Amino acid sequence: MSSADTILSARNLFKRYGRVVAMNGADFDLLRGEVLAVIGDNGAGKSTLIKTLSGATVPDSGEILLDGQPVHFTNPQSARSAGIETVYQDLALSPSLSIAENIFMGRELRRPGLLGSVFRILDQAKMNERARKELSDLGLLTIQNIMQPVETLSGGQRQGVAVARAVTFGSKVVILDEPTAALGVKESQKVIDLIKDVRARGISIILISHNMPHVFEVADRIHIHRLGQRLCVIDPTQVGMSDAVALMTGAKQPPNEKT
Amino acid sequence: MTSHDSTPAGTAISTKTADRENAPLADLTTFGRGRQTLLDRFQNLVHAQPAAIPLLVLILAIAAFGLLLGGKFFSAFALTLILQQVMIVGIVAVAQTLVILTAGIDLSVGAIMVFSSVVMGHCTFRYGIPAEVAVVIGLATGALCGAVSGMLVSLVRLPPFIVTLGMWQVVLASNYLYSSNETIRSQDLAEHAPLLQFFGESFRIGGAVFTNGVIAMVLLAAFIHFVLNNTAWGRHLYAVGDDPVAAQLAGINTRGVLISVYTVAGLICAFAGWALIGRLGSVSPTAGQFTNIESITAVVIGGTSLFGGRGSVLGSVFGALIVGVFSLGLRMLGTDPQWTYLMIGALIIIAVGIDQWARRMVG
């Protein structure tokens, strides 16, 4: 694949925790504008891979390329400022703060002029307006109160706020960690639709999920992780769900030629 | 404690979830809330305006004592007397609120206040430093004490209760050692360093008597309220108290926020120390023995949650005023002062009960 189409890639990542080898020469490629699902059995090292890409873990060796440029993330903030946003499984929202405040948490907008620069006063009107726009662009908001505390929202709505926060700041890559794990059927479907909406904006998405129907519904390609490295990447239109699970668990060997 | 995580487990939640399942899909996908009962609205009010209930209680208490006591209580003089009486606790409660909003607690507020006032007095009289400079040194002392607590809490990761319990003893002992338990007399202050008594100066508007300290308390509370709601620092303070892990993942420097909060709280306590000199007239190392407990009482009655992330400094000032209204009102009624403590105790428990209820049922 040509590097122009690849937004984020990793080569030969290693990470050891004592005797445990969490990443054993792992490779990774995310294409521009795709939804790449990452699946793997528990202990396959996929969360270490994802943490490495989101800056939460620093690999022992190996390289990460973002837009063809080598990057070295030392913490989630450095990954975020490079354009990689992560929506954590527990969402990392502040429950008693409002929707708008959560979306702008840590990246608040200040008033123009002296009020903002010297007195550091926030521009709440602008933040509320942008939060409202962002949510309605994502099809998440009709009329309601942007000042509503997040804890009054349902699980799916919170997921929506977390995703909105991830896409509001011009990110290139959004990592979604088990976005449907805690949700009911209807709300899960809504989140799947939301992922499609985000993809339609040209943002590349890494989706970590154990839910095979969800993965097969939304993913363009599926990265199967096994024993600390990429086993293969499959096309969900060509390979069935049971084969994917068989590959993941080692019951089946991948075809020699990677798709 | 991760009290936030455990909240969705109540039975009330499960019935609400059931309602959601039956709702049309549109309700799930939008931020619409559907029908709200009166109780829901009340809960939202408790949520959105934590100072609303204490304000209501304050107004009702003033009205009740006004009806019982008539003009004796319901006069500009008596009402402004309450302001003067709660001024010190009100200022310290503002500091205490900042710490409690981060899910911490500061038991050393009273000790820092007294120590700072002693430093101001002794710098002036023992070393002959100009009063203006002595005040600055006193304020810096308070801020430093707070910064030490803040660093122990955030960098060494010790529990705030233990850190400030220790600081309370350390600062109080330093206070006695440094001052040799000597009081600086009011006449000496008035003669040589009237600036130290500045917050005790009063002026009249009709029957109302205001001291500079009362004005300072109101301005301070208004200022801190504004800062909490209109600066990133203020919002981060709430976020850190709400869920420190989430705040950190959102890119907030949680350690920096914690250190700054304890430092600012120490600074405000030192300021209260300055106001204390005005209130007492003298500099006394034995003053303010109960200020830490009184400030926590004001904060809790004022609707701020001990679990962090929820509350307001205005509520704490209202809380201090509620205590002041009950104290003066019951004294004027000629009841045994123990009734005051009994009422305050009941109010504390009710206030915490309401907070817990709001946490459990919303969401």
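A contact here means heavy atoms within 4.5 Å. In chain B, residues 24 or more positions apart account for 76% of the contacts with a separation of 6 or more.

The model is predicted: local features need pLDDT of at least 70, side-chain atom pairs count only at pLDDT 80 or more, and totals for chains, interfaces and linings use all residues. Residues are numbered from 1 along each chain as its sequence is written, chains are lettered from A and ligands numbered from 1 in the order in which they are written, and side-chain values use heavy atoms, leaving out hydrogens and water.

**Chain B**

Chain B holds 17 helices and 2 strands. Helices (H or I, at least four residues) and strands (E, at least two) are DSSP runs, numbered from the N terminus. Of its 363 residues, 53% count as buried, that is, under 20% relative accessible area with a 1.4 Å probe, protein chains only. Chain B exposes about 15700 Å² (Shrake-Rupley method, 1.4 Å probe). Carbon and sulfur atoms supply 69% of that area.

**Strand E9 of chain A**

Strand E9(A) covers residues 221–226. Because 5 of its 6 residues are buried, E9(A) is largely enclosed by the rest of the structure. Two strands pair if DSSP finds at least two bridges between them. E9(A) has these pairings:

| Partner of E9(A) | Residues | Sense | Bridges |
|---|---|---|---|
| E3(A) | 35–40 | parallel | 5 bridges |
| E10(A) | 229–234 | antiparallel | 5 bridges |

A:His223 in E9(A) is the bridge partner of A:Val38. A:Arg226 stands opposite A:Gln229 in E10(A). E9(A) and E10(A) form a hairpin with 2 residues between them. In the turn, A:Leu227 has a positive phi of about 50 degrees.

Methods:
Buried < 20%, exposed > 50% of the residue type's maximum accessible area, 1.4 Å probe, protein only.
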